[in-house]
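This report describes a predicted model.

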Amino acid sequence: MTQLEVSYHYGAIPGEAQMRAMDNMREVYGIRRVTFAEKDKTVKIEFDASRLKEPVVAGLLRRAGIDLLEKIAQV
């Protein structure tokens, strides 16, 4: 298992429907953790890179209704 972490800035604050969809996203095999930082308007996803790729993770977030703006570069 290769664990990776990706972070994104988001626009609109997720509502109740989006948060429910995020709970369902956590059931996807390979998603390990989802963390929101409302102050910075960021979401961080830890996932198994041997099962999922970053564009798939971004697609899951968008399908959950999260308003992704940009990927945050890892330093």
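Apart from neighbours within four places in sequence, Ile-45 is in contact with Leu-4, Glu-5, Val-6, Met-25, Ile-31, Arg-33, Val-34, Val-57 and Leu-61. Three of these names, Met-25, Ile-31 and Leu-61, return in the largest nonpolar core, where they stand with Val-43, Ile-45 and Phe-47 as the residues with the most contacts inside it. That core has 19 residues. At least two residues each come from β1, α1, β2, β3 and α2, and α2 supplies the largest share, four residues. In soluble globular proteins, nonpolar side chains tend to be buried together.

The elements with stated residue ranges are listed below.

| Element | Residues |
|---|---|
| β1 | 3-10 |
| α1 | 16-25 |
| β2 | 31-37 |
| β3 | 42-48 |
| α2 | 54-63 |
| β4 | 68-72 |

The open sheet has four strands in the order β2-β3-β1-β4, with antiparallel pairing. β2 and β4 are its edge strands, each pairing on one side only. On average, neighbouring strands are turned by 25 degrees against each other, direction ignored. Helix α1 packs on this sheet and touches β2 and β3; its direction makes about 155 degrees with that of β2.

β2 and β3 run antiparallel and are joined by six bridges. In one of the bridges, Ile-31 has Phe-47 of β3 as its partner.

Thr-42 also lies in β3. Its relative accessibility is 15%, so Thr-42 counts as buried, the cut-off being under 20%. Beyond four places in sequence, Thr-42 is in contact with Tyr-8, His-9, Tyr-10, Thr-35, Phe-36, Ala-37 and Ile-72.

Technical notes: Residues are numbered from 1 along each chain as its sequence is written. This is a predicted model: local features need pLDDT of at least 70, side-chain atom pairs count only at pLDDT 80 or more; totals for chains, interfaces and linings use all residues. Side-chain values use heavy atoms; hydrogens and water are left out. Buried means under 20% relative accessible area, exposed over 50%, partly exposed in between (1.4 Å probe, protein chains only). Contact means heavy atoms within 4.5 Å. Two strands pair if DSSP finds at least two bridges between them. Axes are lines fitted to C-alpha atoms, for helices over the stretch in contact, and angles run from 0 to 180 degrees between N-to-C directions. A nonpolar core is a set of buried Ala, Val, Leu, Ile, Met, Phe, Trp, Tyr and Cys residues joined through side-chain atoms within 4.5 Å.
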